[in-house]
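Biologist: I'm new to this structure and would like to learn how to read it. Could you take me through it step by step?

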Amino acid sequence: MAAACSSYTSEATERRGIPAASFVQDVQSYLSQSGLDVNSALAFLQERLQQYRVVEMKLLAQQRDLQAKIPDIEKCLDIVATLQAKKDSSEALVADFEVSEGIYSRAKIEDAESVCLWLGANVMLQYSCEEATALLQTNLENAKASLEVLVADLQFLRDQVTITQVTTARVYNWDVHQRRLRQATTPKES
């Protein structure tokens, strides 16, 4: 394994299931140690790039979902805080809410002791305002932490794509150089 490190290096093995790319310093040693010819190595590297692209698309979709979810959770927290503030005062809260797409109704809310939260999969549960605040705060913290991990995963993935593209170029250029050397040493017929 020590000989393998001299021809190509890798700082990390993988991150959350994303395999790390190896930077190839010596293409000839890399090819001989991996047991691949140039075409097979290039095909392997292209396949790895495709795998990285698929993972990137999934991570970007997750990132979009989380970026949409965080403002919704923050808005829900604000609404619960407003309900709690109005509960302590004697005045009622007048709110417009969407009944159906494009159809709104006005409601007068007095002494709101609890709220109903959509949990997903057509499930709604009733919580006290304090429980709802705690749950929403936990969900917000989890979503922000997940977003940070996703951003780090995307950066790691982009680094691996770059390393793989550089390796592909190095293998291809090495092959072109070897062919030119063979052509230069082959006697020309007149």
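Modeller: Let's begin with a term: a residue is buried under 20% relative accessible area, exposed over 50% and partly exposed in between, using a 1.4 Å probe and protein chains only. Cys 129, with a relative accessible area of 0%, is buried, whereas Cys 76, at 30%, is partly exposed. This is a predicted model, where local features need pLDDT of at least 70 and side-chain atom pairs count only at pLDDT 80 or more, while totals for chains, interfaces and linings use all residues. Residues are numbered from 1 along each chain as its sequence is written, and side-chain values use heavy atoms, leaving out hydrogens and water.

Biologist: How many disulfides does a search of the whole structure find?

Modeller: A disulfide is a covalent bond between the sulfur atoms of two cysteines. The search asks for a pair of cysteine sulfur atoms within 2.5 Å, and here it finds zero. For Cys 76, the closest cysteine sulfur is in Cys 116, 12 Å away and too far for a bond. For Cys 129, the closest cysteine sulfur is also in Cys 116, at 10 Å, again too far.

Biologist: How many helices and strands does the protein have?

Modeller: Both are DSSP runs numbered from the N terminus: helices are H or I with at least four residues, strands E with at least two. This protein has four helices and eight strands, in the order α-β-β-β-β-α-α-β-β-β-β-α from the N terminus on.

Biologist: Which residues of helix α2 are buried?

Modeller: In α2, residues 27–34, they are Val 27, Tyr 30 and Leu 31. An arc is judged from the directions from the helix axis to the C-beta atoms. Seen down the axis of α2, the buried residues fall within an arc of 95°, so they line one face of the helix.

Biologist: What radius of gyration does the protein have?

Modeller: This value is taken over C-alpha atoms, and the globule rule is 2.2 Å times the number of residues to the power 0.38. The protein has 29 Å, while a compact globule of 190 residues would have a value near 16 Å. Its C-alpha atoms fill a box of roughly 105 × 40 × 25 Å along the principal axes. Of the 190 residues, 26% are buried.
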